Structure formats: C-alpha cells, structure tokens
Amino acid sequence: MKIARGILAAYVAPALALAAVGLPVVVYLPPYYAGSLGLDLSVVGLIFFLVRIVDVPLDPIVGHLVDRTTSRFGRFRPWLAGGAVVMAMGVWLVFMATPGISAPMAFLGLLVMYMGYSSAAVSHTAWGAVLSDDYHERSRVFGWWQAANLAGLFLILAVPPLAQGLAGKSDPAIGVHAMGWVLLIALPLMAFIAVSRVPERPRLGGQHHRLREILGVFKLPLLRRLLLADLFASLAPGVTGALFLFFFEANRGYKASEASTLLLFYFASGLLAAPLWIVLARRWSKHGAVIVAFLANCVSQATFVLLPKDNFPVIAMAMLLAGVPAVAPAFLLRAMLADVSDAETLRSGQERTGLFFAALVATQKLGYAIPVGLSYAILGAIGFAPKLGAANTASALLGLTLLFIVPPILFALVAVYILRGWPIDADVQAANAAALAKA
C-alpha cells in the first residue's frame with residue numbers, strides 16, 4: 001500500500017533538524033572550537049572522537065528499550081519527543097559555547113547533545129522501517145527521509161553565510177550561534193509534527209528480546225554485513241566533512257563563506273537527485289543502486305585533486321556532480337535494513353527493529369567520529385596549523401590533500417566489496433512480508 005504524501009511529510013519532518021548533528025557538526029564545530037574558542041587542534045579531535053565512543057554503546061540500549069516500550073502514545077513517539085528535548089539542551093551547550101571553554105565542558109555539551117540525538121534518531125528511523133513492508137515503498141519512505149535530511153543540511157549550512165552577511169562581518173561565532181538558534185526552534189516543532197500525525201504499526205513477532213541479547217544481533221550475518229557497509233559509507237563523508245573547510249580554505253585559497261557556499265551546491269544536487277536513485281533502486285534493486293553510487297563517488301572524489309584554485313564556477317560544478325551519488329547510500333542502506341529486520345523477525349519470531357536501527361545509528365556515529373579523531377591527529381603530526389591557512393608548509397598542504405582524497409575512495413571500494421551478492425531483492429521481501437502477514 002502506498003503511503004500518503006501528507007503522512008510521509010509529517011514522518012520526515014524531524015529529519016530536517018536531526019540532520020544538523022551529522023555533517024554540519026563535523027564541518028563547522030571542530031574548526032570553530034580549535035580556532036575561535038582556542039582549544040588545541042589535537043584536543044578537539046580527541047574530544048569529538050571520545051564523545052562518540054562513549055555515546056555509541058547507548059544506541060543499542062535505546063533500541064532495546066524502544067522495542068520493549070508499550071504505552072498509550074506508542075513505542076516510538078515517547079523516545080522521539082524526549083530525545084528532541086534532551087538534544088535541544090545539548091545544542092544550547094555546544095553551539096552557544098564561548099571562548100575560554102574547557103575541554104571537559106566541551107565534552108559534556110557534546111555528550112548531552114548526542115544522548116538526545118540517540119533517542120530521537122533511533123526511534124525515528126525504526127519508525128520509518130515499519131511504515132510499510134513493501135520492498136519498493138521502503139525505498140520511497142527512506143528516499144523522503146534522505147531528502148528531508150538533505151533539505152535540513154542545505155538550510156542549516158545556509159545559516160552561517162546568511163547570518164554573517166546580515167551582521168556585515170565574517171565571524172565564525174555568528175554563524176555557529178545562528179545555527180544553534182535555528183535548531184532550538186526547529187527540534188521541538190518538527191518532533192511535534194511527527195508524533196501528532198504519523199501512525200504506528202502493531203508490533204510483529206513474539207516476546208521482547210532481553211537486554212543481554214543485544215550483542216547477539218551483531219552475530220547475524222546479513223546485519224553484520226550491512227552495518228560494516230554503512231560504517232565505511234559513513235567514514236567517507238566523515239573524512240571529507242572533517243577536512244572540508246581546511247581543504248578549500250588552506251589548500252584552495254577560498255574564504256570561509258565561499259567554502260560554505262560550495263557545500264550548498266553539494267547538498268542541493270543531492271536533494272534533487274534523491275528521486276533518481278529511488279527509480280534506479282526499483283530498476284536495479286537497492287543494493288545494485290548503492291554499488292553504482294559508491295563507484296561514482298570514487299570517480300568524483302578523485303577529480304578534486306584536479307580542481308583549479310582560482311575558478312569558483314568550475315569547483316561549484318564539481319560539487320554539484322559529487323552530490324548526485326553521495327545521496328544514495330544513506331537512505332538505501334536503511335531501506336535494506338528494514339528488509340533485513342523482516343527476514344530476522346520471520347526467522348526468530350521476535351521483532352527487533354529498534355535494536356537493528358540503533359546499531360545502524362551507532363555505526364554512523366563511528367563513521368563520523370573516527371575521521372575527526374584520526375585526521376586531526378594526523379594533521380597535527382604533519383605540522384598543519386588551522387590559523388595559518390594557506391601559509392602552511394608545502395608538505396603540510398600535500399598531506400591535507402592526500403587525507404582529503406585517498407581514504408574516502410578506499411572506504412567506498414570496501415563497501416562495494418561487502419555488498420556484492422546481496423541476497424534480498426523485491427521477490428524475497430515480498431515472500432517474507434506475506435509469511436509475516438500470516439504469522
């Protein structure tokens with residue numbers, strides 16, 4: 001059954017705000033904390049890495065609790081609403097930080113924000129998985145979800161240059177604080193739209209899984225493969241996101257406002273390309289479309305080394321082309337996970353959708369945390385200094401370029417290798433859905 005557009009629009013509304021805790025945090029906050037707020041570059045990398053490592057074990061616990069929740073409000077709504085409130089508290093601490101902030105306070109603010117994000121993101125994506133049991137309709141659901149993510153990214157990334165333009169000065173603090181205010185308004189509003197409009201499906205399967213069974217899900221072959229693919233799919237943009245401003249400001253000589261504008265081209269093309277990948281997934285299968293997207297990402301990433309330093313239109317066009325394949329993996333892998341969840345529900349008799357999507361949220365967090373920690377440590381080791389910009393040594397700038405170009409290509413190729421021969425297609429999912437309907 002096709003889901004009404006109004007329901008889909010209400011469902012994806014929270015993604016407009018939740019998306020801001022992904023790439024924008026990686027792109028803007030580490031350089032801001034290392035530059036404007038005065039924390040050491042290696043300390044910033046360590047903080048952003050450690051907070052994710054501490055936070056990641058929380059995701060499976062949240063997923064377990066979501067699966068066990070029974071209330072008159074449903075199982076997903078309480079976790080989405082509560083997570084939005086906690087996340088807003090963290091946003092205030094993180095985005096409104098001022099110079100002189102200590103490393104422990106920076107860590108605490110990030111931890112609160114990510115705890116709220118865990119609750120909201122796990123419940124939200126798991127909710128999307130049960131809106132439909134149709135193979136292709138799930139691509140549509142998560143295609144809308146990804147489009148909302150990209151729209152949220154586009155809007156939040158447009159805030160800094162707009163705020164700085166209105167203020168008449170290029171101060172990073174103005175842009176970061178403005179993003180914080182936008183999120184503080186958007187988070188509760190978008191969560192309210194979803195919890196008040198979107199229906200919940202009755203739970204499938206038998207009794208709830210026990211807490212001690214959480215680690216056991218990582219032994220499931222298909223789930224393990226999908227989590228690994230998603231980890232490498234997240235590592236690639238995690239690297240480019242962590243180094244984006246450094247690369248285009250220090251290595252290509254653009255102003256911060258120009259570099260921010262380039263990101264808008266990237267996400268705008270991804271937003272427009274999302275429907276294309278839904279069509280291709282229907283024609284080639286979800287995993288076939290994902291593999292094509294990964295390979296196209298490799299080509300687009302390799303072209304960055306050839307980009308000129310003084311031709312903004314050419315680089316803007318390259319960003320437009322790069323955004324087209326970059327949009328596909330995130331939403332198609334989640335649509336594939338919904339199919340895996342049905343297959344495991346049929347096999348085990350227990351629905352563990354919340355736990356499965358919690359595991360995926362955890363791998364995505366690692367995919368964005370690891371690059372910040374490692375790449376910033378490497379940049380410090382090779383002598384790159386953010387405040388020097390283009391005045392860094394030639395060897396430091398070469399190291400920055402290699403870090404920006406090579407690892408994302410390797411990560412994408414590993415993901416392609418992992419996904420080869422994926423066993424669930426439209427026919428298999430149709431049979432699983434029919435069997436579950438009879439159970």
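Colleague: Let's start with H136: buried or exposed?
Modeller: H136 is buried, with a relative accessible area of 17%. Buried means under 20% relative accessible area, exposed means over 50%, and partly exposed is in between, using a 1.4 Å probe and protein chains only.

Colleague: Is this predicted or experimental, and what should I keep in mind when reading the numbers?
Modeller: This is a predicted model, where local features need pLDDT of at least 70 and side-chain atom pairs count only at pLDDT 80 or more, while totals for chains, interfaces and linings use all residues. Residues are numbered from 1 along each chain as its sequence is written, and side-chain values use heavy atoms, with hydrogens and water left out.

Colleague: Thanks. Where is H136 found, and what does H136 touch?
Modeller: H136 is found in helix α8. Not counting residues up to four places away in sequence, H136 touches A281, R282 and A426. Contact here means heavy atoms within 4.5 Å, and helices are DSSP runs (H or I, at least four residues; strands are E, at least two), numbered from the N terminus.

Colleague: Which salt bridge involves E137?
Modeller: The side chains of E137 and R140 meet in a salt bridge, at 2.5 Å from N to O. A salt bridge is a side-chain nitrogen of Lys or Arg within 4 Å of a carboxyl oxygen of Asp or Glu. E137 and R140 both sit in helix α8, residues 135-167, and they are 3 residues apart, about one turn of the helix. Both of them are buried.

Colleague: How many salt bridges does the structure hold?
Modeller: The structure holds 12. One of them pairs K365 with D55, with the closest N and O atoms 2.3 Å apart. K365 lies in helix α15 (residues 353-381) and D55 in helix α4 (residues 41-55), so this pair ties together parts that are 310 residues apart in sequence.

Colleague: And are those two buried or exposed?
Modeller: K365 counts as buried at 1% relative accessibility, and D55 counts as buried at 1% too.

Colleague: What does K286 pair with?
Modeller: K286 forms a salt bridge with D339, and their closest N and O atoms are 2.6 Å apart. That pair links distant parts of the chain, 53 residues apart: K286 is in helix α12 (residues 286-303) and D339 in helix α14 (residues 328-348). Salt bridges that share partners join R138, K286, D339 and D342 into one network. K286 counts as buried at 0% relative accessibility, and D339 does at 1%.

Colleague: Where is H287, and what is H287 in contact with?
Modeller: H287 has its place in helix α12. Leaving aside its neighbours within four places in sequence, H287 is in contact with M336, W422 and I424. H287 is buried, with a relative accessible area of 14%.

Colleague: Switching topic: where does L220 lie?
Modeller: L220 lies in the loop between α9 (172-197) and α10 (221-251). At 11% relative accessibility, L220 counts as buried. Beyond neighbours within four places in sequence, L220 is in contact with E344, R347, R352 and F356. The C-alpha atoms of L220 and D339 are separated by 14 Å, and these residues are 119 apart along the chain.

Colleague: What about G83: where is G83 found?
Modeller: G83 is found in helix α6, residues 77-95, and is buried with a relative accessible area of 2%. Apart from neighbours within four places in sequence, G83 is in contact with G116, S119 and A120.

Colleague: Zooming out, how many helices and strands does the protein have?
Modeller: The protein has 17 helices and 0 strands. Its radius of gyration is 21 Å, close to the 22 Å that the globule rule gives for 439 residues, so the protein is as compact as a globular protein of that length. That radius is taken over C-alpha atoms, and the rule is 2.2 Å times the number of residues to the power 0.38.

Colleague: And how much of the protein counts as buried?
Modeller: Of the 439 residues, 58% count as buried. Among contacts between residues at least 6 apart in sequence, 85% join residues at least 24 apart.
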